[in-house]
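Open the model in your viewer and keep the selection panel at hand. The stops below go from the core to a helix pair and then to the backbone.

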Amino acid sequence: MSRFGFKIDGDTLENNYKEHLSGFREWDQLAHADNWVLLVENMGEHMNIDECMHARDLFTFVSNKDGHGKKGTLAAAVRGTKASVAVEVLMRIPEEKRLAVKEMTMDYSDSMYSIVRQAFPNATIVIDCFHVMKNQCDALDSIRMKFKRKAISGQNREKREFNRKKRNWKLARARYRKAHPKRRE
């Protein structure tokens with residue numbers, strides 16, 4: 001029995017929704033949905049392209065930034081990140097919709113760059129702020145580590161020099177004591 005006492009089996013409800021209510025079996029993209037989905041109605045002027053792991057598989061997602069992650073955001077999902085496969089799917093978008101894209105936000109990926117250049121030739125490429133900041137932080141960390149290694153190297157050099165002077169001082173003291181036995185302290 002369900003939590004609310006409706007005596008509805010969740011699996012049966014899910015199956016009935018999928019098979020009868022949702023129109024899934026009549027969906028025009030059902031035949032290729034395992035490999036790619038294209039939702040042309042969600043295209044806009046400001047788009048985003050990125051790769052993401054979904055169900056242990058890598059996908060290329062194209063989304064409309066004006067959708068803010070809500071319904072109507074996803075424009076395309078393509079299995080894999082190979083540029084040739086993604087471009088083949090994205091070229092199915094009517095040319096006027098592809099040419100209307102003014103801005104594509106992406107990371108530093110060469111594959112994504114190739115996809116955008118081929119499928120959305122009028123789009124200005126914008127590197128997303130996360131990757132810009134990550135790149136700057138990595139560079140800053142690299143410089144910091146360089147200075148840290150240099151400082152540690154300098155410290156080690158100073159320790160070696162101090163130990164060398166200390167050994168020389170002990171040897172000189174030992175020679176002095178040997179040469180002047182009466183002056184022992």
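**Stop 1: the core.** Select Ile49, Val62, Leu90, Met104, Ile115 and Phe120. Among the 24 residues of the largest nonpolar core, these touch the most other members. Such a core is a set of buried Ala, Val, Leu, Ile, Met, Phe, Trp, Tyr and Cys residues joined through side-chain atoms within 4.5 Å. Buried means under 20% relative accessible area, exposed over 50%, and partly exposed in between (1.4 Å probe, protein chains only).

Now colour the elements that give two or more residues to this core: β1 (36–38), β2 (46–54), β4 (74–79), α2 (83–90), β5 (103–106) and α4 (110–119). The largest share, 5 residues, comes from α2. Helices (H or I, at least four residues) and strands (E, at least two) are DSSP runs, numbered from the N terminus.

A note on the source: this is a predicted model, in which local features need pLDDT of at least 70 and side-chain atom pairs count only at pLDDT 80 or more, while totals for chains, interfaces and linings use all residues. Residues are numbered from 1 along each chain as its sequence is written, and side-chain values use heavy atoms, with hydrogens and water left out.

**Stop 2: Met104.** Centre on Met104. Leaving aside neighbours within four places in sequence, Met104 is in contact with Met47, Asn48, Ile49, Val62, Val116, Phe120, Ala123, Thr124, Ile125 and Val126. Contact means heavy atoms within 4.5 Å.

Which residues meet here? Ala83, Ala86, Val87 and Leu90 in α2 meet Ser111, Ser114, Ile115, Gln118 and Ala119 in α4. The contact divides into 6 nonpolar, 3 polar and no charged residues.

**Stop 3: α1.** Select residues 10–21. Helix α1 is hardly covered: of its 12 residues, the count that are buried is 0. Step just past α1 to Gly23, which takes a positive phi of about 80°.

**Stop 4: the loop between β2 and β3.** Go to Ala55, in the loop between β2 and β3 (57–64). Ala55 is not a glycine, yet has a positive phi of about 55°. Ala55 is exposed, with a relative accessible area of 68%. Arg56 lies in this loop too. Phi of Arg56 is also positive, near 60°. Arg56 counts as exposed, at 84% relative accessibility.

Note on methods. Nonpolar A, V, L, I, M, F, W, Y, C, P; charged D, E, K, R; others polar.
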